[in-house]
Amino acid sequence: MNKNLPKVFANPINKKINNNKDIYINIESDRVLIKDENILKKINEIFASPHHVYKSKVRIRTNVDDFETNIVGKSNNYLLSLDGKKINIYDIITIDRL
């Protein structure tokens with residue numbers, strides 16, 4: 001039962017390790033709101049709802065604008081509306097189904 005295990009070679013580190021990243025944030029807007037809800041989850045719930053057949057009427061609040069529209073689909077990072085607008089998902093602060 002006395003088995004000798006092979007020795008492990010530990011390569012010495014002879015250089016300085018600098019793997020920390022600096023993050024800078026620039027806020028240009030006057031309206032700063034904290035997102036406390038998961039927007040992607042709410043969008044997926046709207047599209048998975050039994051009430052969503054082709055389109056859903058929603059109220060969307062973004063960093064710049066508040067508006068009501070009919071959304072019909074999702075493509076990459078955008079919501080597609082019935083009137084041809086592409087709404088960036090990452091700009092959405094709140095979305096509510098009407």
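In what order do the strands of the open sheet lie, and is the pairing parallel or antiparallel?

1. The 5 strands form an open sheet in the order S4-S3-S2-S1-S5, with antiparallel pairing. Strands are DSSP runs of E of at least two residues, numbered from the N terminus, as are helices (H or I, at least four residues); two strands pair if DSSP finds at least two bridges between them. The edge strands, each pairing on one side only, are S4 (86–88) and S5 (92–97). From one strand to the next, the twist averages 50°.

2. The model is predicted: local features need pLDDT of at least 70 and side-chain atom pairs count only at pLDDT 80 or more, while totals for chains, interfaces and linings use all residues. Residues are numbered from 1 along each chain as its sequence is written, and side-chain values use heavy atoms, with hydrogens and water left out.

3. Strand S1 (residues 56–62) pairs with S5 over 5 bridges in the antiparallel sense. Within this pairing, Ile 60 has Ile 95 of S5 as its bridge partner.

4. Helix H1 (residues 39–48) lies across S1, S2 (66–75), S3 (78–81) and S5, at about 25° to S5. Axes are lines fitted to C-alpha atoms, for helices over the stretch in contact, and angles run from 0 to 180 degrees between N-to-C directions.

5. Thr 69 lies in strand S2 and counts as buried (under 20% relative accessible area, 1.4 Å probe, protein chains only), because its relative accessibility is 9%. Beyond its neighbours within four places in sequence, Thr 69 has contacts (heavy atoms within 4.5 Å) that include Ser 56, Ile 60 and Ile 87.

Conventions: Buried < 20%, exposed > 50% of the residue type's maximum accessible area, 1.4 Å probe, protein only.
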